[in-house]
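Open your viewer and get ready to click. We will go from stop to stop, selecting a few residues each time.

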Amino acid sequence: AEGLPGAFVRALCEDGEGNMWVGTDGFGLARIKPVVIRSYGREDGLAGDCVLSICEGAEGELWIGLIADGLDRFKEGVFEHYGTEQGLPNDYVDAVLCDRNRTVWAGTWGGGLSRLEGNRFVPFANPGECSGVVCALFEDKCGNLWLGQQRAGPEIVRLESGKPKVFQLQSRVTGTDVRALAEDKHGNLWIGTQGEGLYRSKSSQ
């Protein structure tokens, strides 16, 4: 779109007011109204200019995952930063999600999954099933949390009442990871990967 600060778009999120938020690689964050684009960068308080993930929180705030710069919360024009000093395992936040219980989850590259408790992130205590590389987060219509991750190959993990179940995806490409998850109206889970295209699981139950 004309007016974007950069052409490399990594993340999109529509908020409750109908604004489209665009995360770019190297040019920060942009907000698109029907005819107006407003950009945000380091000079506005954003911790970094490479945005990997965006989601809207329970109170209308935005959560913004960054490459090498942690996670920012944006509310009423003010950025609040979360990094390793606030409990994140590292500053590479590939995925962020606020679930229906108002819990904020962060998936990192190399540090696995964490969730916000109070003002600090704490690691999800199941390292045996959850990889250190979590690139996608999704909540299905039943309230189950899904992780897209990489270990020996691409995997998805379903957390049902906090208990993980791992599903391995057949892959011919070494180092493939799951980058996107979505559910259609029939309950099928769609899985986007880096290097192996798109998968469909016929049921997310």
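**Before you start**

This is a predicted model: local features need pLDDT of at least 70, side-chain atom pairs count only at pLDDT 80 or more, and totals for chains, interfaces and linings use all residues. Residues are numbered from 1 along each chain as its sequence is written, and side-chain values use heavy atoms, with hydrogens and water left out.

**Stop 1: a loop residue**

Select Asn90. It lies in the loop between β8 (78–82) and β9 (93–98). Strands are DSSP runs of E, at least two residues, numbered from the N terminus. Is Asn90 buried or exposed? Asn90 counts as buried, because its relative accessibility is 16%. (Buried means under 20% relative accessible area, exposed over 50%, partly exposed in between, with a 1.4 Å probe and protein chains only.)

Now show what surrounds Asn90. Leaving aside neighbours within four places in sequence, Asn90 is in contact with Thr84, Thr108, Trp109, Gly110 and Gly111. Contact means heavy atoms within 4.5 Å. Zoom in on Trp109: its backbone oxygen lies 3.0 Å from a polar atom of the Asn90 side chain.

**Stop 2: an open sheet**

Follow the chain into β9. Four strands form an open sheet here, in the order β9-β10-β11-β12, with antiparallel pairing. (Two strands pair if DSSP finds at least two bridges between them.) Look at the edges: β9 and β12 (120–123) each have a single partner strand, so one side of each is left without a neighbour in the sheet.

Next, colour β9 and β10 (residues 104–108). They pair in the antiparallel sense over five bridges. Select Cys98 and look across: Val104 in β10 stands opposite.

**Stop 3: aromatic rings**

How many aromatic pairs does the structure hold? There are nine. (Rings of Phe, Tyr and Trp, the last by its six-membered ring, pair if their centres lie within 6.5 Å; planes under 30 degrees apart count as stacked, over 60 as edge-to-face and the rest as tilted.)

Select Trp21 and Phe74. This pair is edge-to-face, 5.8 Å centre to centre, with 70 degrees between the planes. Trp21 lies in β2 (residues 20–24) and Phe74 in β7 (residues 71–75), so the pair ties together parts that are 53 residues apart in sequence. Trp21 is buried at 4% relative accessibility, and Phe74 is buried at 7%.

Ring pairs link Trp21, Tyr40, Phe74 and Phe79 into a cluster.

Note on methods. Polar contact = N/O pair within 3.5 Å; in protein donor to acceptor, adjacent residues only side chain to side chain.
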